[in-house]
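Please keep the sequence and the structure in view while reading.

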Amino acid sequence: MHFTATHLLKPATMIWPRANAMRQWLIGLLGWCALSAFAAPHQHEPPVVLAPGYEDLQFEPPSAGSYQLPSMGDAADGLILNTSGNAGRLHDYLGDKATVLSFIFTTCNDVNGCPLATYVMSGVQKAVLKDPDLVDQVRIVSFSFDPEKDTPSVLGRYGDQFRAEGFDWEFLTTASEDALRPTLDAYDQWVIRDYDEEGNYLGTMSHILRVYLIDSDRRIRNIYSTSYLHADTVVNDLRTLLMQ
Amino acid sequence: MSRMLIALLGILMVAVAPISLADETCMSPYMAKIVGQEDYVYIWTLGMEDVGDGEDKLVTVDVNPDSEHYGEVVHSLSVGGRNEAHHSGLTDDRRYLWASGLDTSKIFIFDIYTDPAQPRLHREIDDFVAKTGGIVGPHTNYALPGRMLITGLSNNRDHGGRTGMAEYTNDGDFITSVWMPTDDNLQGAVKSGNYADGYGYDARALPRRNVLVTSSFTGWNNYMMNLGKMMGDAEAMKRFGNTVVIWDLHARTPKKVLDVPGAPLELRCAWGSRSNYCFTTTALTSKIWLIYEDDAGEWNAKAVADIGDASKIPLPVDISISADDNHLWVNTWNDGLVRLFDISDPHAPEQVFEKRIGEQINMVSQSWDGERVYFTSSLLANWDKTSSSAEGEEGDVQYFKLYNWDGAELTPEFSLDFVEMGLGSPHQMRFGAHALYGNAPAKTGHDDMAAR
């Protein structure tokens, strides 16, 4: 199996990150994925075009508190394992703070997929750490799609790459596919896993990237996808939530 | 899945411009796209009295040339009664097709992923008017991340053109609604011209610019009226939309009301990542309008081309932009023509081709590569014609047709007569492919579905 990056647009539409630091960040992240994703089929494919979340925001966002974030329904519960291997429930990590929840897997090597989510979450973390009004009221949760490869210890090492000292960024996985499935269903996270002709899981999958903004009453207040996800808008939404 | 092509550049296109409604090059930027061969076309079809069961239905046509059922209707799912079936749209994960009725304001949500060859009815929304606070006539079903945006055409107070938009979760649960800005309540928007009519029709998002664009048609009183009667009613003819509204996409608040007189209908925005413009056409004045952001960051509207002879009322209906932003197909309902405009200079489109497709041509959908162009007839139940005056087209007034486009000529591939087949009046088309769901060999590209 092989995924091919196709240029559907004119070359002029290609946009590369300008910041050297961001390039280094991506190289580091993809390198981590390559080391851990021995089964990934295209780990050496270079990124072709980067999602808007890697760039400076191209517009002035509406000011925090000037708009509504109506509830999109309740954030579901589900079984989890934390990086210490302790069993619990997702709701243990929702409800006391405004939370940004993303679904990822550590072997993901599509730069505009899970790495984008983790990159943007790092940006959110950086901004929140600078804001004394937010720092104790915000949590990030990265939840793995892949209980087989993302064991608590693997996920713990992954998280250590990104979590700033003292910041509330949790990395969660599950004990099995059976434990994971109800959560994915509840969050409408539809996943296509890739198998070889003998039915062996290849360690890759396709899914819609969605990141959820969840308030302290465990209600979903916004959903972001690849073309929409940007640290500045997420932080703006966090501020808006906390002003209401 | 192994043949799924990931359009990494698409992410930018997406973030940039968008268009959705009639075809693969007009989908929401938040949605996976089929960049290879589509397997099916789903046609939201109005029921016609004395034609088959008379009910609105979702008709599935196999359009994969490698299939033994190529060019055949492989499935038809009736929804019970007639609702003035009109437009439809896919969710961002492309698992569900939302199809709405302008008369009853019902929305039918079809599951098209469990078996793409046999869609099933997943959910029916029958309280749209109550939930939205009085919006009538759900029209555009447009994917936003994890939710659907539904534009309205009318309201339940006077059934005129003042209306709003609603948002639902992908599961079909109501989230919120917002009304279009009017002179009485601009909601903070700037009225840049003579109109702030509050009418609605289509919507498209330009996420990179944080812009949502909406257009305006007419209310229930007009779109449910007999066409001849309405045309003879001077007061009714005054009740058409004259505005395009620029919204803050993130906040869902109106920012600027632009004058676009003459009922601006479909909106199609350029895909290029630095192309901050959209097109619309005006039904009553037969012009192409450019909605664009200037160098100062201001959004403007200007008429950039005539479509045929406006005095003959060609009545432009659906339009379709090519994936490279260089061409725009424009259908005109009254003369049965499709015209192709070169829009490589968006400020000066030029017509480069035209061909008669058939009586009351309405919707057009093209494949991502532009090589296949699909057409349907039918505008509204009370506006449609019952026969054709053109030689050789007698009776052929409700059709689904495929043409191949080689850059110079449209060559007919097949045509299905929806009346003869007992189906009804075919309206909007949406494409389906097994490969989107990991179980077949069509090439697909993606904006927001990441493959890894």
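## Chain A overall

A residue is buried if 20 or more other C-beta atoms lie within 10 Å of its own, exposed if 12 or fewer, and partly exposed in between. The model discussed here is predicted. By that definition, 46% of the 244 residues in chain A are buried.

Chain A has 5 helices and 10 strands. Of the contacts in this chain between residues at least 6 apart in sequence, 74% join residues at least 24 apart.

## Helix H3 of chain A

Helix H3 of chain A spans residues 152–160, and its buried residues are A:Pro152, A:Leu155 and A:Tyr158. These cover an arc of only 125° around the axis, so they are on the same side of H3(A). The face turned away from this buried side carries the exposed residues A:Ser153 and A:Asp160.

What covers the buried residues of H3(A)? The cover includes three strands of chain A: E2 (79–82), E5 (138–144) and E6 (169–173).

## Positive phi values in chain B

Most residues other than glycine have a negative phi. B:His159 is not a glycine, yet its phi is positive, near 55°. B:His159 sits in the loop between strand E12 (154–155) and strand E13 (164–169) of chain B. With 17 other C-beta atoms within 10 Å, B:His159 is partly exposed.

B:Asp325, also not a glycine, has a positive phi of about 65°. The loop that holds B:Asp325 lies between strand E24 (316–321) and strand E25 (327–332) of chain B. Is B:Asp325 buried or exposed? B:Asp325 has 22 other C-beta atoms within 10 Å, so it is buried.

Conventions:
Residues are numbered from 1 along each chain as its sequence is written. Chains are lettered from A and ligands numbered from 1 in the order in which they are written. This is a predicted model: local features need pLDDT of at least 70, side-chain atom pairs count only at pLDDT 80 or more; totals for chains, interfaces and linings use all residues. Helices (H or I, at least four residues) and strands (E, at least two) are DSSP runs, numbered from the N terminus. Two residues are in contact if their C-beta atoms, placed from the backbone, lie within 7 Å. The arc is that of the directions from the helix axis to the C-beta atoms.
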